[in-house]
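Dear colleague,

I am handing over the structure that we talked about, and I would be glad if you looked through it with the notes below beside you.

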Amino acid sequence: MNSGLNFLQTNVNKDFTTLKKNLKKDFTGLKKIKVALLGDSATQFLNQALRACAYEQGFEFEIYEADYNQVSRQLLDLSSDLYQFAPEFVIVFESTQKLQHKFNSLQKSERLQLSELKTEEVKNYYHTLNRQLKAKLIYFNFSEPMDGQFGNYSNKTSFSFLYQVRKLNLELMNLSQECKNLFILDYQALSAHLGRQMAFDAKMFYGASMNLSIDGLPLVAKNCCDIISAINGKFKKCLILDLDNTMWGGIIGDDGIENIEVGDLGNGKAFSDLQQWARQLKQRGIILAVCSKNDEQTAKEPFLKHPEMVLRLDDIAVFVANWNNKADNIRYIQSILNIGFDAMVFLDDNPFERNLVRTNLPEVEVPELPEDPSMYLEYLSALNLFETASYSEEDELRNKHYQQEAGRVIAQKNFTNEDDFLKSLGMTSKVEPVNKFNLPRVAQLSQRSNQFNLRTVRYTEEDVLQISQSENYFTLTFDLKDKFGDNGLICVVVLKKEVSALFIETWLMSCRVLKRGMENFTLNTIVEVAKKNNFKKIQGEYLATSKNGMVKEHYARLGFSEAGQLWELNIENYQTKKSFIQLN
Amino acid sequence: MQKSEIIEQVNKIFVDVLDNDAIVINETTSAADVDEWDSLTHIQLVVAIEKHFKLKFTSAEIRDWKNVGEMSDTILQRLN
């Protein structure tokens with residue numbers, strides 16, 4: 001085994017034997033998720049690896065595993081065990097080896113259509129599944145084979161199997177953009193990363209009909225779990241960066257701005273690329289923060305003056321440089337951003353600081369870093385720290401929102417009276433139903449919001465689309481602007497028409513806009529909708545999770561009265577609640 | 001390396017892979033004697049043994065073993 005693979009095994013993943021030991025641990029209290037696993041090769045090990053890996057991400061997978069080679073039967077026959085089991089996720093692993101058999105069996109002219117034929121098949125799986133269950137389909141793409149027929153010439157002819165596999169992978173990407181509940185597990189990327197020799201074990205394939213090698217299992221299982229976690233609202237939102245010897249080489253306080261390594265100096269290119277990576281993440285919507293042991297002026301100097309720094313001060317939402325302990329500083333960053341510690345990643349070259357943060361804030365993800373800064377980026381990329389279940393254009397603005405929020409925190413200090421402060425903000429809100437423009441953001445917010453979320457219903461874009469087209473629902477979305485900036489779409493309400501009342505199926509809000517009176521404004525709007533449609537009563541429900549304690553008393557605070565599990569508000573004599581937000 | 005030494009090392013691998021400290025194997029031990037040793041964990045054992053001794057078995061060798069002794073004979077042959 002070469003050293004590259006050793007590095008991967010020891011740092012990125014536990015080996016399968018170690019991982020499997022999780023199966024004997026106590027799963028009590030973990031969120032249960034029903035998962036079906038289908039493959040055209042034997043999947044028993046993958047089943048074990050998935051359950052063991054889910055444990056590490058705080059889930060208990062209840063897995064239905066079909067005998068192998070039943071993929072289409074299970075998916076297309078509505079009376080199959082799969083539909084009986086009614087999973088939330090269906091993982092399908094069809095292999096390049098079996099696809100090759102299919103290719104070989106086709107007439108020469110049909111071979112040109114292999115990628116279309118297979119894409120149609122997957123599309124059919126998806127739609128059959130989607131019509132029957134609300135399950136998400138996680139489909140493995142295909143590892144690219146070494147072409148032993150045409151050699152390198154296989155790139156030059158569409159009759160080659162390699163050409164068809166590459167085309168198929170591209171078509172699967174396109175299909176998953178069209179089918180919102182279809183997620184591609186990038187098995188091609190993973191097997192390239194592992195190395196074909198390590199991902200596929202021919203001896204196991206012919207001897208035991210297993211396609212994945214034992215050494216490949218942990219990485220593949222982890223990536224499946226990453227997708228499922230992200231869809232369940234568990235993903236990273238913030239990257240906290242140490243500076244000296246993490247973002248640049250050297251110590252700014254000792255070496256001075258001319259001597260830190262970034263750009264052309266010394267090992268600077270490695271640090272520049274790492275900064276590029278962070279900046280790309282910021283553009284994708286990850287919040288960047290700095291946590292450094294330095295005097296603030298000194299720490300900021302390279303961001304302001306160094307010509308080759310990639311990151312600039314306005315890339316950083318919260319900049320903390322002082323001599324306090326880093327766990328306290330991360331608590332401070334958390335208090336400003338108002339996101340969970342489990343949504344944070346902390347990068348630091350110093351093992352002491354890493355351990356301090358791990359010990360004090362075990363929920364924060366603190367990757368080990370390789371000793372050599374040249375290896376940082378390769379290493380971090382392989383960890384797949386920032387899996388996501390959605391992407392919308394608004395993500396690019398997120399960092400800016402948090403910077404504006406810091407501006408508001410400072411402004412508020414000038415007011416003793418909260419109402420005066422709220423008035424001074426000049427807030428306006430645009431209210432509209434779900435439409436095709438805000439649909440991705442609505443789905444995303446349902447996946448991201450953990451704290452101000454009354455029932456924590458997670459919607460995919462497909463779910464939101466169906467609700468918005470249904471006659472049984474009203475949907476409301478709210479944005480919020482003020483003199484500091486535009487917060488974007490920050491609140492979503494889904495109202496279900498029931499016989500006796502209008503039921504609030506979803507009420508969620510971004511924690512960026514807490515304490516602005518948005519709750520009152522939202523309720524006023526809900527009541528208007530209810531009245532307009534001749535409802536006399538509104539019902540709400542609070543479903544507790546480990547994170548939404550802040551809205552436990554939400555309905556009580558708004559004057560609802562308890563009715564069994566539900567909260568009710570009679571709206572015939574409703575007094576419009578105080579709000580400083582103008583309808584836009 | 002002596003055969004006894006090989007069996008001792010293989011024993012450690014069995015304990016680790018099968019996650020059971022109580023497992024003690026000898027030359028005549030076969031899958032029937034160890035609860036956790038089934039066709040599935042057998043694959044895991046083979047891969048772990050290959051890695052430990054830095055060698056690769058052929059498919060035919062793996063098929064032919066009747067017990068730990070025969071497996072150790074193959075390892076011994078390869079190492080010498």
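This is a predicted model: local features need pLDDT of at least 70, side-chain atom pairs count only at pLDDT 80 or more; totals for chains, interfaces and linings use all residues.

Residues are numbered from 1 along each chain as its sequence is written, chains are lettered from A and ligands numbered from 1 in the order in which they are written, and side-chain values use heavy atoms, with hydrogens and water left out.

To begin with the interface, 16 residues of chain A are in contact with 16 residues of chain B, where contact means heavy atoms within 4.5 Å. The two chains bury about 1300 Å² between them, 57% of it on carbon and sulfur atoms; buried area is the accessible area (1.4 Å probe) that two parts lose on being put together, summed over both. On the side of chain A, T17(A), K21(A) and K203(A) lose the most area to chain B, together 40% of what that side buries.

Four salt bridges are found across this interface, a salt bridge being a side-chain nitrogen of Lys or Arg within 4 Å of a carboxyl oxygen of Asp or Glu. D215(A) forms a salt bridge with K51(B), with the closest N and O atoms 2.5 Å apart. Over all chains, the structure holds 37 salt bridges. Within chain A, E121(A) and K102(A) also meet in a salt bridge (3.2 Å, N to O), and this pair links helix α8 (residues 114-132) with helix α6 (residues 96-105), the two residues being 19 residues apart. Helices here are DSSP runs (H or I, at least four residues), numbered from the N terminus.

Helix α6(A) also packs against helix α9 (residues 161-178) of chain A, at an angle of about 120° and with the axes 11 Å apart. Axes are lines fitted to C-alpha atoms over the stretch in contact, and angles run from 0 to 180 degrees between N-to-C directions. The two helices are therefore oblique to each other, since angles under 35 degrees count as roughly parallel, over 145 as roughly antiparallel, 65 to 115 as roughly perpendicular and the rest as oblique. T96(A), L99(A), Q100(A) and F103(A) in α6(A) meet F161(A), Q164(A), V165(A) and L168(A) in α9(A).

Finally, helix α17 (residues 326-337) and helix α18 (residues 351-360) of chain A pack at about 60°, their axes 9 Å apart, which makes α17(A) oblique to α18(A).

With best wishes
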